[in-house]
Amino acid sequence: MDVSEIFSATVIIGVLTAGIRLASPYIFAAIGEMFGQRSGVLNLGVEGQMLMGAFTAFYFTLQTGNPWLGLLSAILVGGLMGLAMAVVSIKWRAVQGISGIGFFIVGGGLSELLFKTLLGEVKVINTGFNPVNIPFLSNIPVIGEIFFRQNVMTYLAFLLVPVAWFILYKTTLGLKIQAVGENPQAADTLGVSVAKIRYLTVTMGGVMSGIAGAALSIANLNVFQENMTAGMGFIAVALVYFGGWRPFGVMFGALLFSMVMALQIFMQVFRFPIPSEFLIMMPYVLTIIVLVLTVGRVRSPSALTKPFVRE
Amino acid sequence: MKNFLSKILYSKRLDGFLPILAALAAFVIGAGMLLVMGTNPVVAYQSMINGAFGNQNALAETAVKAVPLLLIGLGICISFRAKVINIGAEGQMIVGGLMAVAFGLAVEWPGWLVLPIAMFIGFFGGAIWGSIPGVLKAYFNVNEILSTVMMNAIAVQLMNFLLGGPMMDPKQAEALGKLPETARLDAAYHLERLLPPTRLHAGVIIALVLAVVVYILLFHTTLGYRIRAVGFNPFASRYGGIRVRRQVVVALLLSGAFAGLAGAIQIYGLNYRMITDGSATGFTGGAGFNGIVTALFGGLHPLGAIPASFFFGALLVGANAMQRMTQVPSSFVTVLNGMVVVFVVSAAIWKELRERKRRMAAVSETSKPSPETTPPPQESAQES
């Protein structure tokens, strides 16, 4: 293959298609995390929740042959881990940055333990969420190929973004979430239960992370390996900062990230004359640069990481 | 009787035991998990204890595992005291190791000269990798948790590139397998083995001495005072004339430096070469995260980190023994470690509540009206 072929239409379409697909785990996890942070709780355990979600989704899909049951199990496990994080950070007011690391370690260890005892070796499923062609739309040249021949989880991820936007900005619940994250004292005075809102957002954040794991193991890859998220959960947390705590901002961050990932994979395939390690490094360097550039412009929720105590 | 019980329950001394209670809770839950897995917890824990303390070699292995945990834990004590959450120890350890091994492979000097310089270079490499997120946090307001995670990923790729390319052992470069590892360090450069045939090496002494040094630094120097003050209250510190930003950089720099030294010692004391399996843990063995567990367990106190590192070292060694004896994967211990972190930070609220109870008890004791004569207010003020 010639280097110039990287710029051929097929390759560009391939990169874009893969980039859209790879964005789905980031979008699920980061949108969930965004709601938690908007209400004032930083959940650093996303990586652990994703790994647990990825494992249970894979395991139940393997056992039952039904990816929806797999997805359901990931939702339950993610929700349980989210609830645990909520209790620790809301009721016990533990330092969020550190308790999240604890949950990351638990989730990573537990998913590995379960993988080794229940599966023992890397297995592949063929009953995961396969690509679904949307009637008519998938026949549009180029656009159809890129956007409308994806798997169900990818469609759901991109549908989630406007839904999240609507909930956050156009519903009472969303306004309560924002109030609790900006000024919990005032929200409390107005009769909003700070604890209840935070329990909800952090538990739902866990659910989303669980789904993100499932998107990885039963939709994008159809395989489970120990530590297969390889830092994606932490990147999802970074994407929330990156996207300025706004749903569409988060989505664009996720896309930028996943496009670079897809490009990197293609460049490896085409033996681009740059060591693959440097290509893999790119998204991380990019994240740091973008964090530096965005930090001054957007303000984080005022009560982020601060436990609420009624005075 | 009730009074006696509450005196124990609310005594300040119990605070020190909270981490131990947290570990106990983790072990109890762990026992439940073992039962679910169909393994007798008594047998499993017994095999762990035997594996970690059973004989001279087991003890030596426990100490060997404790060395990187203690060194990284010391760095974590410094950064967490400044309220800077450094989770980049994995990357800092890798960069320290890379620079130290590159030096050792490049020079042909006498061992007594190479060793201290190599240790310093490891220290320095970690400091560089730590100071980047430090500067980003202090001067660009970038969250250090996120930047250190990114720096970890970058360090791993750097390691994979160097060990698979420019720094690869020439023998491996010719071989078919092409294992990503460096050449072996000259025998003259190895840290002394203290108790052959065990692998106990002089790194243990370095780590123990540094624990005392960090204790003095944190609690008996101006620098340590400043670092702790910034963590306690950055606004008051600034008002008091402390350059807060600089302390943040210093805290992350030092924290990284200890992780880098851990990397250098791991190579010069144990493996004599640097090896990767493509992931961070391939070189660090997860010490970057377990070091956090160690520091928290030791109450973020450098001297407390000594027994804590030995404890978690024992867990790691014991886990391998348990895996051999009972087929329970060693990742079981990872779960225990994570739970210890969660419980230790959660226990802080209990400490706080008990502190309040103590204060209330003290107040009610002094202001208790005596049945015979109610003393005038001035007198009660003197009593208290």
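At what angle do helix α3 (residues 41-53) of chain B and helix α4 (residues 56-81) of chain B pack, and how far apart are their axes? The points below take up this packing and then the rest of the model.

1. Basis of the note. This is a predicted model, in which local features need pLDDT of at least 70 and side-chain atom pairs count only at pLDDT 80 or more, while totals for chains, interfaces and linings use all residues. Residues are numbered from 1 along each chain as its sequence is written, and chains are lettered from A and ligands numbered from 1 in the order in which they are written.

2. The helix pair in chain B. The angle between α3(B) and α4(B) is about 85 degrees, and their axes lie 5 Å apart; axes here are lines fitted to C-alpha atoms, for helices over the stretch in contact, and angles run from 0 to 180 degrees between N-to-C directions. The two helices, α3(B) and α4(B), are therefore roughly perpendicular to each other, given that angles under 35 degrees count as roughly parallel, over 145 as roughly antiparallel, 65 to 115 as roughly perpendicular and the rest as oblique. On the α3(B) side the residues are G51(B), A52(B) and F53(B), which meet A58(B), L59(B) and T62(B) in α4(B), where contact requires C-beta atoms, placed from the backbone, within 7 Å. By class, the residues of this contact of α3(B) with α4(B) are four nonpolar, two polar and no charged; Ala, Val, Leu, Ile, Met, Phe, Trp, Tyr, Cys and Pro count as nonpolar, Asp, Glu, Lys and Arg as charged, and the others, Gly among them, as polar.

3. Chain A overall. Chain A has twelve helices and zero strands, both taken as DSSP runs numbered from the N terminus (helices H or I, at least four residues; strands E, at least two). The C-alpha atoms of chain A fill a box of roughly 70 × 45 × 40 Å along the principal axes. A compact globule of 311 residues would have a radius of gyration near 19 Å, and the 20 Å of chain A agrees with this; the radius is taken over C-alpha atoms, and the globule rule is 2.2 Å times the number of residues to the power 0.38. Of the 311 residues, 53% count as buried, a residue being buried if 20 or more other C-beta atoms lie within 10 Å of its own, exposed if 12 or fewer, and partly exposed in between, with C-beta atoms placed from the backbone. Among contacts in chain A between residues at least 6 apart in sequence, 79% join residues at least 24 apart.

4. Chain B overall. Chain B has 17 helices and zero strands, and its C-alpha atoms fill a box of roughly 95 × 60 × 35 Å along the principal axes. Of the 384 residues of chain B, 51% count as buried, and residues 24 or more positions apart account for 77% of the contacts in chain B with a separation of 6 or more.

5. The interface. The contact between the chains takes 36 residues from chain B and 38 residues from chain A. On the side of chain B that touches chain A, α6 (111-140), α7 (144-164), α14 (287-297) and α16 (331-366) each supply at least two residues, and the largest share, 13 residues, comes from α16(B). That side of chain B has 25 nonpolar, eleven polar and no charged residues.

6. The core. The largest nonpolar core has 221 residues, and those with the most contacts inside it are Y26(A), A30(A), L239(A) and V340(B); such a core is a set of buried Ala, Val, Leu, Ile, Met, Phe, Trp, Tyr and Cys residues joined through C-beta atoms within 7 Å. Helix α12 (residues 244-271) of chain B gives the most to this core, with 16 residues. Not counting residues up to four places away in sequence, Y26(A) touches, among others, M232(A), L239(A) and F257(A).

7. A buried serine. S73(A), placed in helix α3 (residues 67-91) of chain A, is buried, with 23 other C-beta atoms within 10 Å. Beyond residues up to four places away in sequence, S73(A) touches T56(A), A57(A) and F60(A).

8. Backbone points to check. Most residues other than glycine have a negative phi, and most peptide bonds are trans. The peptide bond from P196(B) to P197(B) is cis, with omega near 5 degrees, and P197(B) lies in the loop between α8 (170-174) and α9 (203-220) of chain B. Phi of N227(A) is near 55 degrees, a positive value, and N227(A) counts as partly exposed, with 15 C-beta neighbours inside 10 Å. Phi of L300(B) is also positive, near 55 degrees, and this residue is found in the loop between α14 and α15 (305-326) of chain B.

Technical notes: Two residues are in contact if their C-beta atoms, placed from the backbone, lie within 7 Å.
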